[in-house]
Amino acid sequence: MALIMSVVSLSISILYTPFLLLVLCVIFLASIGKSLGVRRLYVNILLKLFEYGRQHIEVAKKVQRNDSSDEEEEPPIPDDKPPSAIIKENGINGTKMSVIERQEILGPSPELNYKRSSSQERIQNGHRTDQEKNEVNLEFHLSHCLDLVKAGVESIIEDQVTSVFEAEELRSWNLLTRTNKQYEFLTWRLTIIWAMGFLVRYMFLLPLRVLIFVIGVWLLIVSTACIGTLPDGPFKQRVNYVVSIMCFNFLSRCISVVITYHDAQNKPRSGICVANHTSPIDALVLMCDNCYSLIGQRHGGFLGLLQRALARASPHIWFERSEVKDRHAVAKRLKEHISVPDNPPILIFPEGTCINNTSVMQFKKGSFEVGGIIYPVAIKYDPRFGDAFWNSSRYGMLHYLLNMMTSWAIVCDIWYLPPMYREPHESAVDFANRVKSVIARRGGLVDLMWDGQLKRMKPKKEWRELQQEEFSKRLKGE
Amino acid sequence: MGNKSSLLLREEEIAQIQEETGFTPNQIERLYSRFTSLDKNDCGTLSRDDFLRIPELAINPLSERIVHSFFADSHDDRVNFLQFMRVLSHFRPIRKNRENKLNSREEKLRFAFSMYDLDNDGKISRDELLAILHMMVGANISEEQLTSIAERTILEADTNNDQMICFEEFCHALERTDVEQKMSIRFLN
C-alpha cells in the first residue's frame, strides 16, 4: 500500500511540470488561433480504422447469411466523402437510408404566405381550380380512398418527422455501442477492436477531457471577471473578443472538436446570426471563431454561474422565466441590442429545439420580424465520429455531456453565408423560409416545413382539415 | 448507454416472418428498427397512440381506419411485430413467378374493403360509406351531396339489390382500377 502511494506521488511530481507546460502551451496556441494539428491527425487515423471495421463487418455478415436472394446486398459505398458532397437520392440527402420510395407525402399544408421549397413537393394534387362552380358534379369512386391509405401506410414505414427527433442512423458502425441498434456478436476481432476503443475512450480520453473541462471553465470565469473590471468601451470589447475566443477554443478541446470554417469573409459582425440547432455545443463551436451575444432563459446552478460570468464581460440577453412567453418583450430587447452598432451579433436558433442534423425544421418568425441584417450560418456535424445531437427526451444534460466526452471526436463544418435582408413586401414568415432554404441547401440538409414543436406536441387539427379540403377539391375538380 | 432495443430479433423469428409475408431478411430488419423506434416504451408492442405520434399519419383523414387495420387481430389493443408485418406485407409489390401470399390482388382488395367495412360484417352499408366520406372531406361538402354520392355509389356497385356492397361486388367495381400500383409500396434496398 505504502509502495503504491510512493509510486503515485513520485509519478505526480515527475509529470507535474511537463503537464503544466502542456496546458500552458495549449492555452497559448488557442490564444493565437493555431493548433498543433494533433486532432486532425487523430481524426484521419480514426477514419482508416472505421473503414477497416466496416469492410470486416461486411465480410462477416456475408459469411453468416447465405441467402441467395437477389435483393440482398448493396454495393459497398465509400464512406470517406465529406457530408456536403453526398449526392441527393430520392430528393433526400444520401446520408439518410430510405427504406421505401415515397410517392404520396402529406405535408402540414402551408398557410397562405408560405412558399413551398422544391424538396417538399406535394405530389398528390395536380388539380387547382379557382373557378367557383355552382353546380358541382362530384364523381366519387370506391378507389379514391386508396391514395390516402397508401400515403398513410407509407408514413408508418417511413416519415420525415419522427426520424428527425432521433439520432441519425449510420451507414457503417463507428465502434460506439450507442450507435448500433442491434449489436450482435459478429467476430472476435471486431469485439476486441471495440473493447480497445472502449478502454481508450473511457480510461484515457475521458479523464483528460474532464480535466480540460474543469480548467477551461475556471479559466472562463476568471478571465470574464477580469474583463468585467474594465470600463465599458471599444477597448473592453476588443479585449473581450480576443479573450472569449481563446477561452472557448480551450474549452472546445474537452470534446476534441475539429471544426472547418468556410467562407470566413461572411463572418457576422453585428445584427442577428441564425443557425440550425443540433445541440448546446452549437454555441460553443460557433464561439470558437467569433464573439456572439447569446440569448436565453436565466437558469440557476452551474449554467446560471456561466451566464453571469459571460454577462460581466459582454452584453448578453438573459430572460427571466416569466418574460420568455412575452414575445413583445423579447422583440424589444433584440431591437435594443442591435441598435447599438458595436454590440456583437446575437446568436439565435430559430428552430427552437434540437434537431438531429439531417434536416432543418420550420424557423420561428420572431427573430425575423425585428429588422436588421440576418447572417445565416449552416452547421453540419460528421456523424461518424460522435453524434452531437441532444435527444432531450432520452438523455439528461449530464448524460449527454458524458456521451460527448466519450465519443471519438466532434467533427463539423461551418459555412458562413452571405447576409440577407428582408424585402420590403416580404412577410416575416416568407423571409424565415427563405433563410431556412439557404441554410438547408448549403449544409446538405433536408428542408422540412414541419414545426420543431412536434417533438412535444400533437399536430394541429387545422392541418388535417386542410387535407380534407384538398381531397374535396380533388373530388370537385374531376 | 442508451441502447435502444433490448429485444433483438432472433433468426427463427426472421425466418417465420419471411415465410409468412415474403419480406427479405434485410427488409425485415429495417422494418424492425422502425417498429422499435415507434415503440417509445420499449415494450415490444405498439399502441394506437404510438402510431398517431407520426405527424404525417395523424393528419391523414383516414388515419383511424388505417391504424385500426393493424389491430384487427389483436386481443389486448396492442400490436406485436408479426401483426405489424402482416399488415405491411399487403403492400408489397406483386411479383410474377413468385408466390404472393398476403400481397395478391385479392388480398389487397380485401384490405381496401376493410377500410370501408366499419363493423367488419363483410358488407359495406350506406351509413358506413357515408362515414368514410365524412372522414375524407370533412365539412367541405354538404350533407345532401354526400348522401347522394353514397347512394349513387351503392346503386352502381350493387348487383344483388340488397342495398349493400359485398366483397364480390366491391372487387367487380374495382375491376378496372390498377390496384397493384395503387396499393404497392416499392421497397428500396
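Trainee: Which residues form a nonpolar patch on the surface?

Mentor: Nonpolar side chains (Val, Leu, Ile, Met, Phe, Trp, Tyr) are joined within 5 Å, like charges within 9 Å. Here the patch consists of A:Met1, A:Ile4, A:Met5, A:Val8, A:Ile12, A:Tyr16, A:Leu20 and A:Leu24, with about 860 Å² of accessible area together. Areas come from the Shrake-Rupley method with a 1.4 Å probe; for residues, only the protein chains shown count as cover. This is a predicted model, where local features need pLDDT of at least 70, side-chain atom pairs count only at pLDDT 80 or more, and totals for chains, interfaces and linings use all residues. Side-chain values use heavy atoms, without hydrogens and water; residues are numbered from 1 along each chain as its sequence is written, with chains lettered from A and ligands numbered from 1 in the order in which they are written.

Trainee: Why does A:Val8 count as partly exposed?

Mentor: Buried means under 20% relative accessible area, exposed over 50%, and partly exposed in between (1.4 Å probe, protein chains only). A:Val8 is partly exposed because its relative accessibility is 39%. In chain A, 51% of the 478 residues are buried.

Trainee: Where does A:Val8 lie?

Mentor: Helices (H or I, at least four residues) and strands (E, at least two) are DSSP runs, numbered from the N terminus. A:Val8 belongs to helix H1 (residues 2-31) of chain A. Chain A has eleven helices and eleven strands.

Methods:
Patch = residues over 30% accessible without salt bridge, like charges linked within 9 Å, V, L, I, M, F, W, Y side chains within 5 Å. Salt bridge = Lys/Arg side-chain N within 4 Å of Asp/Glu carboxyl O.
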